[in-house]
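Reader: I would like to learn how to read aromatic ring contacts. Could you walk me through them?

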Amino acid sequence: MKAMHWSFILPIFILISCASNSQNEKVLHSKEQFQQWSSKPLYQKYGQVSSLKIVYDNKTKKLHFVSSEEFEYHYEFCMKRLGFPNDLGAFNDEMYSGETDRHFLLANINYYQALDKYTLEIGPSDRMSKKQLKLLFKEVQKEVFFADNLYLMLNTAHIISVMKGDSEIPSITPSEIYNGQKYQPISKYHSFGRLRVINDWEKERDSIQPTDIIIIDDIPAVFPLVQGVIVTQFQTPLSHVTLLGQNRKIPICAHTNIFGMKSILEMNGQVVSFTVEQDTFKMEKSDVSLNNIWQQGTPIKLGINTRIDSLIPVELLDDKLSHVVGCKAANFGELYKYSKKVNFKTPESAFAVPFFYYDQHVSKSGAQQKIEALLTKNNRSRNAAEIQKDLKEIRELIQTTEVNAALLKNVERMILKSGDFRRMRFRSSTNAEDREGFSGAGIYESETGEIGNPIKPIDLAMVKVWASLWSYNAFMEREAFNIDHSTVAMGILVHRSFPDEAVNGVAITSNLYRDDYLGFVVNAQLGDESVVQPSSEIKCDEFICYPDETVSVYGKSDSGIDIINYSSLNNGQLVMTEAEIQNLANVLELIKRKYLRSHYTRETYFNFALDVEFKLDKETRQLYVKQMRVYNR
């Protein structure tokens, strides 16, 4: 696996090998020539990018453009064409170190179509010195037609550090690239549906059908059942919308100028074929029938046990209890066990309220009869407003019925017994979320309750969580996956609340931008500003991080930070320090390894991913991991 030291960090591109021309003649004469020599990056962090791989030979003073049709990695070209000894370990040690006498300088030139700019980029593990960076940049300027439109990409923590205060080399930040994009692929799939241009969400949302493909100005809080979406606002790769697109396997993309694309808008009301690709989307009229898109099939029945009638402390929770307390609480129990051997904490004073009490409460409230009546109807063809009316009646019955007095007393007793925290977070934990094949991201509610607080009493928090099982969003998401609603139940995971947090974030323990490569994708934000449902104008940190060699499954690893975008709330700085990010990467690696050992074979390592939510405590900046579920790619 040592061979992947460089190449799993940098994109690999289809290029044509060419030695640097002599005199002052430029090697690249035109944009057309660049496009001919370049290809799409396989490390796809942004859309509409063309890339060219380069090698500068310090001994011959020549710049080479490398064909990946012949050479998949930089080192193959250097060994076979430039005479470097056939020793990959020596190559990796020399070419990515900070030593000044390295034989080759390796990088990529990326062209960003939306900005019409070219960037020089090195990998996050490369420790090239300022002198080497300047040399390489100037040598590239000599050989290309875009010398006045070339920028050094400040996408790694190392480059930012060594180039700080230097104004000689023109540079560009990841946020400038990110904010300059016009197109973003969110979930790359294909579908058929009837195109609907939504100009007024509030007025038109109830008329949206599951066979529609919709164009909207912004993603709504409740995401309807549809066959595809084009939205004007960009989404983070870990947002609820992105996860829903991945789970449903429907095409979703963002285009800032979609409402100005006349040829697309003219197809409003017609059946179309819709495909989202990395650099573009395709929409064409189609004569396909939509009658069979929502064939029901056999409903999926979930495991459910409503016989356990006692609260379960965190030390007894594990994944075998998912049919008793729900997947979130069961996974939390696994995290708690991991935290005893890895450098992170889980929120304190944790325990679970099993399905038994939800089942008891629903029966007592009279909601059970309403639920049974709802499930006899054909809810895939019913009007959305009618379904919402039925669901609202169910929720009102659940929320207006008093919680069993003995249960309430036991919950209070467990809180007092578990520690000094009185302000608690009551989190949804169903058997229809956080499971392989169905994440249920964002479709249920969590609430805060505090002993002795008349405004936020714990019984109110509990009934709101129970009632959220029957929200419209949750119901229709289960309907889309053909889950038998009668086999679904709501448990509650309880732990101490975080009224003040320094950072909150979500991480995916796989490299979403390159298959079969190491790297974890992280979204992080200041305080409690959401990274999964942010306001349209607020951006979070997005970066890729890597475990260091002390914990890596493959021994020597490439620690580093590859920055995709900065938080709009932190003045162009990452919200976590380099040390905090490295610790997070190491913790994610160890959690993933432990989970894999218990559930899967080693061969699935690279592309298997967990979706992990974390926080940094405001006072101590201690890392807390509060949720873990399988990420459904």
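Author: Gladly! Rings of Phe, Tyr and Trp (its six-membered ring) pair if their centres lie within 6.5 Å; planes under 30 degrees apart count as stacked, over 60 as edge-to-face and the rest as tilted. Here, ring pairs link Tyr73, Tyr75, Phe84, Phe91, Tyr96 and Phe104 into a cluster. This is a predicted model, where local features need pLDDT of at least 70 and side-chain atom pairs count only at pLDDT 80 or more, while totals for chains, interfaces and linings use all residues. Residues are numbered from 1 along each chain as its sequence is written, and side-chain values use heavy atoms, leaving out hydrogens and water.

Reader: How many aromatic pairs does this rule count?

Author: The count is 23 aromatic pairs. Among them is Phe34 with Phe146, an edge-to-face pair with 5.9 Å from centre to centre and 85° between the planes.

Reader: Are Phe34 and Phe146 buried or exposed?

Author: Buried means under 20% relative accessible area, exposed over 50%, and partly exposed in between (1.4 Å probe, protein chains only). Phe34 is buried at 0%, and Phe146 is buried at 3%.

Reader: Which ring does the charged end of Arg496 sit over?

Author: A charge sits over a ring if NZ of Lys or CZ of Arg is within 6 Å of the ring centre and within 35 degrees of the ring normal. The charged end of Arg496 is over the ring of Phe498, 3.9 Å from its centre. Likewise, Lys592 has its charged end over the ring of Tyr605, at 4.1 Å from the centre.
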